[in-house]
Amino acid sequence: MKMIESFNFKGIRTIVRVDFNVPLDKKTREVTDDTRIRGAVKTIKKIVSDGGSAILMSHLGRPEGVQEKYSLKPVMPVLEKLLGMNVLFAPDALSDEAAAMAAALKPGEVMMLENVRFYPEEEGKPILPETATDEEKKAAKTALKVKQKEMAKRLSTYADVYVNDAFGTAHRAHATTAVMADFFPGDKKMFGFLINSELAAMDKVLKSAQKPFTAVMGGAKVSDKILIIENLLDRVDNLIIGGGMTYTFIKAMGGKIGNSLCEADKLDVAKGVIEKARTKGVNLLFPVDGINADKFDAEANTYISAIDDVKDGWMGLDIGEKSIAMFEGVIMKSRTILWNGPMGVFEMEKFAAGTTAIAKAVAKATEKGAFSLIGGGDSVAAVNKNGLADKVSYVSTGGGAMLEYMEGRKLPGITAIRGE
Ligand code: AMP
């Protein structure tokens with residue numbers, strides 16, 4: 001594995017897996033959030049300014065075969081503007097035309113391949129009718145794995161060097177995110193700047209966190225977050241739980257939760273977390289009060305109660321002021337903070353206060369010198385919405401990939417390059 005900052009790309013053709021899976025306006029098909037495109041600019045500029053050429057590849061959405069609405073064409077004007085140069089576009093990633101364009105690419109030039117997921121072998125997931133039997137599914141999958149290797153091999157012939165900078169898909173073993181790396185020797189593959197900074201931020205929290213270390217976990221479900229919670233219990237001093245998943249814990253402890261979100265089959269898991277926190281000496285904090293609604297609606301009637309005393313027919317949709325004050329106190333005393341998941345249904349104004357307060361507290365603690373890492377689409381959205389993105393230490397671009405790394409799992413896109 002090579003390091004991008006010290007690699008000289010002069011005269012070298014490089015194929016770069018980027019993550020341009022950006023949201024598009026349904027009507028105009030314009031890019032509505034260019035964060036992911038901006039994330040790849042440093043890597044592309046480094047290649048070009050060294051005097052190399054870059055072939056970019058990405059997926060967009062979940063197309064089933066070639067579907068124009070998932071074309072990467074809308075990304076082009078945004079990319080060209082950010083790079084300040086023209087970018088060539090190959091309308092079919094595996095076509096002879098694309099291969100010829102790549103072969104003709106001159107130093108300093110950049111080209112973009114059309115959506116790599118237009119080929120089902122990219123993901124290795126066959127498109128089958130619902131009536132397909134298990135055996136048919138298995139056979140189709142095996143056949144597609146062979147094609148996946150062929151796809152990776154073909155794309156590898158476009159360039160001499162492979163760079164993976166698509167952190168958002170690093171947890172996927174796809175043709176362009178992982179399989180391709182096998183077709184390049186160790187000194188001809190590396191991560192881009194984005195993946196390097198994501199790894200540095202996560203490793204700082206996982207491997208060398210300054211204490212006190214506080215994790216703030218929110219969001220809807222215990223089942224989505226249980227693995228990361230378990231891994232963090234070995235590392236953190238404080239674990240703050242908020243959001244919908246709170247209520248599964250409160251129910252497990254015998255509280256009254258009304259119609260609040262609850263995973264009835266996860267009560268034992270919740271009890272296990274409470275027990276593990278106790279034996280590990282982790283300070284496990286739950287909200288003490290909540291804002292309850294009579295329906296899941298932005299205009300719902302509300303009242304505040306103790307978190308474990310929700311009236312029948314009502315549901316808790318945000319944390320209350322006492323909880324906010326308690327959580328702020330812990331966050332402000334922390335030297336390392338990891339935040340994943342909102343404290344309430346922050347998409348609705350009435351239930352956004354808890355999440356906003358946490359975003360502000362994390363920013364304040366960062367100003368005081370703490371290292372803060374924010375991950376997961378919703379907490380990132382909350383930080384952005386409050387204009388705090390540059391007031392925290394690091395905002396991760398990959399929700400699922402970050403969660404899996406923090407769970408202690410190996411990500412195929414990372415191991416394919418780093419080994420291990
Ligand atoms: P996640 O993707 O697991 O991080 O969950 C994020 C979602 O959880 C958001 O869409 C929130 O609206 C939702 N959420 C947060 N708190 C609650 C709650 N108390 N009840 C229901 N949904 C919630």
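Start by selecting aspartate 19: its side chain reaches the backbone nitrogen of asparagine 21 at 3.1 Å. Keep in mind that this is a predicted model.

**Stop 1: aspartate 19**

Stay on aspartate 19. Its place is in the loop between strand E1 (13-17) and helix H1 (35-50). Is the residue buried or exposed? Aspartate 19 counts as buried, because its relative accessibility is 7% and the cut-off for buried is under 20%. Now show the side chain of arginine 36. A polar contact of 3.4 Å joins it to the side chain of aspartate 19. Next, colour the surroundings. Leaving aside residues up to four places away in sequence, aspartate 19 touches Arg36, Ser58, His59, Ala166, Gly168 and Thr169.

**Stop 2: helix H2**

Select residues 75-83, which form helix H2. Highlight Val75, Met76, Leu79 and Leu83, the buried residues of this helix. Then look down the axis of H2. The buried residues fall within an arc of 95°, so they line one face of the helix. Residues three or four places apart in an α-helix point the same way, because there are 3.6 residues a turn. Turn to the other side of H2, where Pro77 and Lys81 are exposed.

What do the buried residues of H2 pack against? Show H1, strand E2 (53-57), strand E3 (88-90) and strand E4 (110-113): these are the packing partners. Glycine 84 takes a positive phi of about 70°.

**Stop 3: helix H3**

Select residues 96-104 for helix H3. Ala98, Met101 and Ala102 are buried here. These three cover an arc of only 100° around the axis, which puts them on the same side of H3. Asp96, Ala103 and Ala104 are exposed on the other side of H3.

**Stop 4: histidine 171**

Jump to histidine 171. Look for it in the loop between strand E5 (161-164) and strand E6 (189-191). Histidine 171 is buried, with a relative accessible area of 11%. Show the side chain of arginine 172 as well. It makes a polar contact with the side chain of histidine 171, at 3.5 Å. Then bring up Gly400, Ala401, Glu404, Leu411 and Pro412. Histidine 171 touches these residues, not counting those up to four places away in sequence.

**Stop 5: the six-strand sheet**

Switch to cartoon view and find the open sheet of 6 strands. Which order do the strands take? The order is E10-E8-E7-E15-E16-E17, with parallel pairing. At the edges stand strand E10 (283-285) and strand E17 (394-395). Each has a single partner strand, so one side of each is left without a neighbour in the sheet.

Zoom in on strand E7 (residues 213-217) and strand E8 (residues 238-241). They pair in the parallel sense over 4 bridges. Pick valine 216, then its bridge partner in E8, isoleucine 240.

**Stop 6: helices across the sheet**

Select helix H10 (residues 353-367). H10 lies across E7, strand E15 (336-340) and strand E16 (371-375). Its direction runs at about 155° to E15. Finish with helix H11 (residues 377-385), which lies across E15, E16 and E17. H11 runs at about 115° to E16.

Note on methods. Residues are numbered from 1 along each chain as its sequence is written. This is a predicted model: local features need pLDDT of at least 70, side-chain atom pairs count only at pLDDT 80 or more; totals for chains, interfaces and linings use all residues. Side-chain values use heavy atoms; hydrogens and water are left out. Helices (H or I, at least four residues) and strands (E, at least two) are DSSP runs, numbered from the N terminus. Buried means under 20% relative accessible area, exposed over 50%, partly exposed in between (1.4 Å probe, protein chains only). A polar contact is a pair of N or O atoms within 3.5 Å; within protein, one must be able to donate a hydrogen and the other to accept it, and residues adjacent in sequence count only if both atoms are side-chain atoms. Contact means heavy atoms within 4.5 Å. Two strands pair if DSSP finds at least two bridges between them. Axes are lines fitted to C-alpha atoms, for helices over the stretch in contact, and angles run from 0 to 180 degrees between N-to-C directions. The arc is that of the directions from the helix axis to the C-beta atoms.
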